[in-house]
Amino acid sequence: MAQLDNPIHITHYINPHCFYYKPETAYMQEHEQAKFAAILNEFCETEYGMLYDSARNPQMWKLPKPGDLVAMRSNQLERWIRCEVEEVAVDLNQIVWYYLWAIDEGFPIKSGHKYIRPLPKPFVDESAHAKRGAIINILPGDTRYDYVENEQITELSTKWCPGIVGILELMLEHAASISFVSKTTQVIHGEAINFGELYITTQTNVTHNVAEQLGAGCPNQMIVAQGAKFFREIEKLPALNSKRYLNNEGLDNHFVNNYVSHSVQQSYQPTSLVDSDTEADTKVTLKVHEWLRQTKEARVAILEQQKANVRGQKHEAQAMDAAVPASEFILQKYLADVAQQTDENGRTTVSMDNLSPEQSNEAVDRKPSKLMASVNRHKTNLLLKKHSVRSGREQGQ
């Protein structure tokens, strides 16, 4: 199939009529575009050096203006790339920012002047490697209610609806591979646009035509147009001439070139880098040691408490055995078991310690229930058995 012979990598996506791509083979080291990027980076490293921020004053070169081609040191890619200046802006802190378009990488980027240098002349005439693509034969649409015809109709819109834009973005993100078959190239608003058919292959190895999938999923957000009608209508769309650093909703979609890689930091300030790393390691080490110390103290406290409980139980048992004779201990135990009984009439607890002698005799003479009698009998048997065992041990000694 022809669509499978043109695998691409989409570098920047805005809507179905505005996406930038490169062939998948362009990322192989043997490809001409990869070789060109390596030669450009080597030349700029020799010309400007790694210490481009401090070795030479940036004001030695003429500051670029919109439309100029420049060389920029990308801290994300860690190499020099070619860029076109789109706009120059000053923020509230009076910092000058350059809105750039990476013509070979195919994405917008915002950078300060310290990363920008004039593009060496040998690399000016090379055409841009990233190309702009658009799906052919479809136009943005929207629905409205026609009160004359008494029905809902779909008509041409000035921009793509967020729904269809988001669906296509999800399709591209989850695709196993993407292919593009260019049908024609048109120069619109000063930019060459390749119109063609976009195909995606799913993770289950099924290939779909994107235009057909969008028509089935969002029939009310697009209009199918063929041939001259399509090109006549598309030239009227204001969204076709939108800025490349804005997304479909008109929001800034720049990469900011303000991340300094580890290798560049070492080249700039190796001493401060080591000091910061050492300081960070020291803080982490202190926190770990403090946690270990607290954990050890907690474990020691738990063990000491457990040992104290065991010693207390042994001491209590020994003191009881030494202070109370066996016969008297049995009598006290029995009296403690039967000291509190439940009043059958009032359901209250009667304590023999709080009663007068007459009430105590009455409480003792009162006949207990069958359940309490059985419980008391069982307890008495256990106590007598323990007393006999202890007496046997004393006689043996």
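## Briefing on a predicted protein chain

In the hairpin that β3 and β4 make, 4 residues lie between the strands, and Glu78 takes a positive phi near 60°. This is a predicted model, in which local features need pLDDT of at least 70 and side-chain atom pairs count only at pLDDT 80 or more, whereas totals for chains, interfaces and linings use all residues. Residues are numbered from 1 along each chain as its sequence is written, and side-chain values use heavy atoms, with hydrogens and water left out. The protein chain has 9 helices and 17 strands, where helices (H or I, at least four residues) and strands (E, at least two) are DSSP runs numbered from the N terminus.

**The chain as a whole**

- Of the 397 residues of the protein chain, 32% count as buried, a term that stands for under 20% relative accessible area, while exposed stands for over 50% and partly exposed for the range in between (1.4 Å probe, protein chains only).
- Among the contacts in the protein chain with a separation of 6 or more, 61% come from residues 24 or more positions apart, a contact being a case of heavy atoms within 4.5 Å.

- Strand β3 (residues 69-74) runs antiparallel to β4 and is joined to it by 6 bridges; two strands are said to pair if DSSP finds at least two bridges between them.
- Val70 has Cys83 in β4 as its bridge partner, and Cys83 also stands opposite Ala102 in β5.
- The hairpin of β4 and β5 has 5 residues between the strands, and in its turn Gln94 has a positive phi of about 65°.
- Strand β5 (residues 96-102) is mostly covered, since 6 of its 7 residues are buried.
- On to the next strand, β5 pairs with β6 (residues 107-111) in the antiparallel sense over 5 bridges, and Tyr99 has Lys110 in β6 as its bridge partner.
- The hairpin of β5 and β6 has 4 residues between the strands, and Gly106 in the turn has a positive phi of about 80°.
- In a regular strand the side chains alternate between the two faces of the sheet.

**His12 and Gly106**

- His12 has its place in strand β1 (residues 7-15), and His12 counts as buried because its relative accessibility is 6%.
- Although His12 and Gly106 are 94 residues apart in sequence, they are 6.3 Å apart in space, C-alpha to C-alpha.

**Two residues other than glycine with positive phi**

- Glu78 lies in the loop between β3 and β4, and its phi near 60° is a positive value in a residue other than glycine.
- With a relative accessible area of 41%, Glu78 is partly exposed.
- Asn205 is found in the loop between β12 (191-201) and β13 (207-209), and Asn205 has a positive phi of about 65° although it is not a glycine.
- With a relative accessible area of 66%, Asn205 is exposed.

**The open sheet of β10, β9 and β14**

- An open sheet is formed by 3 strands in the order β10-β9-β14, with antiparallel pairing.
- Its edge strands are β10 (151-156) and β14 (222-224), each of which pairs on one side only.
- From one strand to the next, the twist averages 50°.
- Strand β9 (residues 138-146) pairs with β14 in the antiparallel sense over 3 bridges, and Ile138 stands opposite Val224 in β14.

**Helices α2 and α3**

- Helix α2 (residues 162-173) and helix α3 (residues 210-217) pack at an angle of about 135°, with their axes 11 Å apart.
- That angle makes α2 oblique to α3, because angles under 35 degrees count as roughly parallel, over 145 as roughly antiparallel, 65 to 115 as roughly perpendicular and the rest as oblique.
- Here axes are lines fitted to C-alpha atoms, for helices over the stretch in contact, and angles run from 0 to 180 degrees between N-to-C directions.
- In the contact, Ile164, Ile167, Leu168 and Met171 in α2 meet Val210, Gln213 and Leu214 in α3.
- By class, this contact of α2 with α3 has 6 nonpolar, 1 polar and no charged residues, where Ala, Val, Leu, Ile, Met, Phe, Trp, Tyr, Cys and Pro count as nonpolar, Asp, Glu, Lys and Arg as charged, and the others, Gly among them, as polar.
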